[in-house]
Amino acid sequence: MSRKPVLRGRAARLARLLPAGAGHAARTPFVLLVVLLLGGGLIGLLVLNSALSEGSFRLDDLQKETKSLTDEEQELQRDVDSYSAPDALQRRARELGMVPGGDPAFLNPDGTVKGVPGAAAEQSSVHNQALPPEVVAPAPSASPTAPPSPVPTPAPAVSAPPAQVSPAAPTPQIPTTAPFTQPTTYGR
């Protein structure tokens, strides 16, 4: 027979404070709560880790795309720089049939002409074929018997006679007033 030992003194007072047989029943919800918290924490870490790795892959893709777009931008800038170089502009202007201008003349506000206008220098070859810089070679035609497309030739340069101001013609009077300026308001 197993008999419970009889507690005396301090041990008896402590035994009365704790209910008998409730030790096992109160431990089960606590263990379930701890297991659920640990499981939820692991699942949360797994979701966070996968979100971070997905963001890392997205960042890597965006960096590759940025690099390719930067390379394309630099290539286009080189093309623009080559087309806007002075010698390329001069060559392109000659291909289009343009000639350097003569001496300029300016109109004063009172209608008088300042300077003597000069004629533009004539170009020796007027029949240059002007092609846009994008056209390197003619495009292959669909049928071998099709005639080649005509290339437009520039019209010969026509120089207008310089404007003559006759002294008998009345010159229009332009009022000379100060230009309107709007006051600046800083700090308001």
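I began with the surface and found a nonpolar patch of about 470 Å² made by Phe 30, Val 31, Val 34, Val 35 and Leu 38. For patches I took residues with over 30% relative accessible area and no salt bridge, joining nonpolar side chains (Val, Leu, Ile, Met, Phe, Trp, Tyr) within 5 Å and like charges within 9 Å. I note that this is a predicted model, in which local features need pLDDT of at least 70 and side-chain atom pairs count only at pLDDT 80 or more, while totals for chains, interfaces and linings use all residues. Residues are numbered from 1 along each chain as its sequence is written, and side-chain values use heavy atoms, with hydrogens and water left out.

I looked up Phe 30 and placed it in helix H2 (residues 23–83), where it counts as exposed at 54% relative accessibility. Here buried means under 20% relative accessible area, exposed over 50% and partly exposed in between (1.4 Å probe, protein chains only).

I then listed the elements and got three helices and two strands, running α-α-α-β-β from the N terminus on; helices (H or I, at least four residues) and strands (E, at least two) are DSSP runs, numbered from the N terminus.

Next I went through the salt bridges (a side-chain nitrogen of Lys or Arg within 4 Å of a carboxyl oxygen of Asp or Glu) and counted four. In helix H2, Asp 60 and Lys 64 lie four residues apart, about one turn of the helix, and their side chains meet at 3.6 Å, N to O; Asp 60 is partly exposed at 33%, whereas Lys 64 is exposed at 54%. I found a salt bridge of 3.4 Å, N to O, between Asp 71 and Lys 67, which are also four residues apart in helix H2 and so separated by about one helical turn.

In helix H3 (residues 86–95), Arg 91 and Glu 95 are four residues apart and form a salt bridge of 3.8 Å, N to O. I noted that Arg 91, Arg 92 and Glu 95 are linked in a network of salt bridges, and that Glu 95 is partly exposed at 29% relative accessibility.

Key: Areas by Shrake-Rupley, 256 points an atom, 1.4 Å probe, with all protein chains shown as cover.
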